[in-house]
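User: I would like to go through this model by question and answer. Please start with how the copies are compared.

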2 protein chains.
Amino acid sequence: MSATRSDRGPRRRRYHHGDLKAALVDAAVELIAERGVRNFSLAEASRRLGVTVAAPYRHFADRDELVAAVAVRAFGALGAAVAAEVDDADPPARRLAAMAGAYVRFAGANPALFEVLFGSGIDKDRFPQVRKAAEPAEGALTSCVALICGDDAELAATLTDAVAATAHGYATLLLDGTFGEASTAGDVAAGGAARATLALIEGRAALL
Amino acid sequence: MSATRSDRGPRRRRYHHGDLKAALVDAAVELIAERGVRNFSLAEASRRLGVTVAAPYRHFADRDELVAAVAVRAFGALGAAVAAEVDDADPPARRLAAMAGAYVRFAGANPALFEVLFGSGIDKDRFPQVRKAAEPAEGALTSCVALICGDDAELAATLTDAVAATAHGYATLLLDGTFGEASTAGDVAAGGAARATLALIEGRAALL
DNA sequence: GTCTATACCCGGATAGAC
DNA sequence: GTCTATCCGGGTATAGAC
């Protein structure tokens, strides 16, 4: 048993040097993508980086704090995906439908990240950064709805909820397998969300 | 340390007698309601029943099999809650909206059970009973939609998805705290889901 | 059908050396 | 800032007695 540490196992270079914090977030994203948030552990992230289990505690108070960091990143990616869908040349209704579709498509393409955001019982009071990170995406939604509803603030608020809930529902059902496991399921769900959004807009008089 | 087993702890009577299987499902429902599916363990359920950790394995192959049994029960309760909302005297649109509201209200009233159904990564291929248990609720939905869409099967299928996704979205956002933590949040979400359902019906032409 | 006992593995978290 | 070493707790699952 005289094996030195570097003998056993296909570990990467160690992080004696710099940004272990950032490296941990990267590793966490990878691991969560591979095995889900549920089975994610600080210990395994440490192992993957070739670092001892004690090291992360210099950078994160506990496991949850690292998961929160992943959530911040995930909200950023989600916001970018939705914003990328906005084409100012399109009429507002079309834009809103595209945003709903992008939301669902993001969930289908990044199920683990989406799960971090909504299925990991993360404490948003303890980690206000997470709530903060969600604001860009929310803003894109509300401002687009405002264009449709004009100055009817009550309708705008209700329609915003309805569109958000519908897109979110398609996304979660997609991840639950309701639309099948095939690679086409994501497109089916995204298309459904987009058209449902249009239907909500058309029938919005019934919202009040 | 000569304490006999019955000395330590406020255990209930032991189950040397009968329906440990049913008792385990009951205990699981309680525990999951108290602490969530995530933190549910066979071991703790055993403890609560005053039974050793080995006993459950006579009745369930593993933890997941017990969780699946809880899911079957939960789907039954959900189906009953939705069906109870159907009043044949009402017009179909109103009925559908009421069902959506009932779905959301069930989630708000039984967050843990709802979480078992959709947030516990339960393998529905391994446990087909779970999928089976969902059918009554689905049937109530589809048959109501059929009354609205007449013989347009494609529209019916799309509207069914849209209504389901919308109700599901309101339910999951409700449990995520989006509508606040107050006791009124459930009613807000349920009302929103019902009205959004009406809007989807009104605007259903945009679904195709 | 339930018990006792135990083997096993894993994760969280900390103390103290370097 | 990372290491070594370790404690602690918890859950899963099995073997074999009763």
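Analyst: Copies are superposed by least squares on the C-alpha atoms of residues with pLDDT of at least 70 in both. The model is predicted.

User: What rotation superposes chain B on chain A, and how are the two copies related?
Analyst: Chain B is superposed on chain A with an RMSD of 0.0 Å.

User: What percentage of the contact residues of chain B recur in chain A?
Analyst: The same surface serves both copies. The share of contact residues of chain B that recur in chain A is 100%.

User: Which helix gives the most to the side of chain B that touches chain A?
Analyst: In the contact, 28 residues of chain B meet 28 residues of chain A. On the side of chain B, helix H7 (153–176) and H8 each supply at least two residues. With 11 residues, the one that gives the most is H7(B).

User: How do the residues on that side of chain B divide by class?
Analyst: Taking the side of chain B that touches chain A, the residues are sorted as nonpolar, polar or charged. The division is 13 nonpolar, 9 polar and 6 charged.

User: Are H7(A) and H8(B) roughly parallel or roughly perpendicular to each other?
Analyst: The axes of helix H7 (residues 153–175) of chain A and helix H8 (residues 185–202) of chain B come within 10 Å and cross at roughly 85°. Angles of 65 to 115 degrees count as roughly perpendicular. H7(A) and H8(B) are therefore roughly perpendicular.

User: Which residues of H8(B) make the contact with H7(A)?
Analyst: H7(A) contributes Thr158(A), Asp161(A), Ala162(A) and Ala165(A). By class, this contact has 4 nonpolar, 2 polar and 1 charged residues. From H8(B) come Gly192(B), Ala196(B) and Ala199(B).

User: Which helix supplies the largest share of the surface near DNA strand C?
Analyst: DNA strand C is surrounded by 20 residues, the closest being Ala54(A), Asp62(A), Leu20(B), Thr52(B) and Ala54(B). That surface divides into 11 nonpolar, 3 polar and 6 charged residues. The largest share, 3 residues, comes from helix H2 (residues 42–49) of chain A.

User: Over which residues of chain A is the pLDDT below 50?
Analyst: Chain A has a mean pLDDT of 93, and 92% of its residues reach 70 or more. Where pLDDT is low, the predicted coordinates should not be read in detail. The stretch with pLDDT below 50, which has 2 contacts beyond near neighbours in sequence, is residues 1–11.

Key: Residues are numbered from 1 along each chain as its sequence is written. Chains are lettered from A and ligands numbered from 1 in the order in which they are written. This is a predicted model: local features need pLDDT of at least 70, side-chain atom pairs count only at pLDDT 80 or more; totals for chains, interfaces and linings use all residues. Two residues are in contact if their C-beta atoms, placed from the backbone, lie within 7 Å. Axes are lines fitted to C-alpha atoms, for helices over the stretch in contact, and angles run from 0 to 180 degrees between N-to-C directions. Helices (H or I, at least four residues) and strands (E, at least two) are DSSP runs, numbered from the N terminus. Angles under 35 degrees count as roughly parallel, over 145 as roughly antiparallel, 65 to 115 as roughly perpendicular and the rest as oblique. Ala, Val, Leu, Ile, Met, Phe, Trp, Tyr, Cys and Pro count as nonpolar, Asp, Glu, Lys and Arg as charged, and the others, Gly among them, as polar. A residue is near a molecule or strand if its C-beta atom, placed from the backbone, lies within 6 Å of it. pLDDT is the predictor's confidence in each residue, from 0 to 100.
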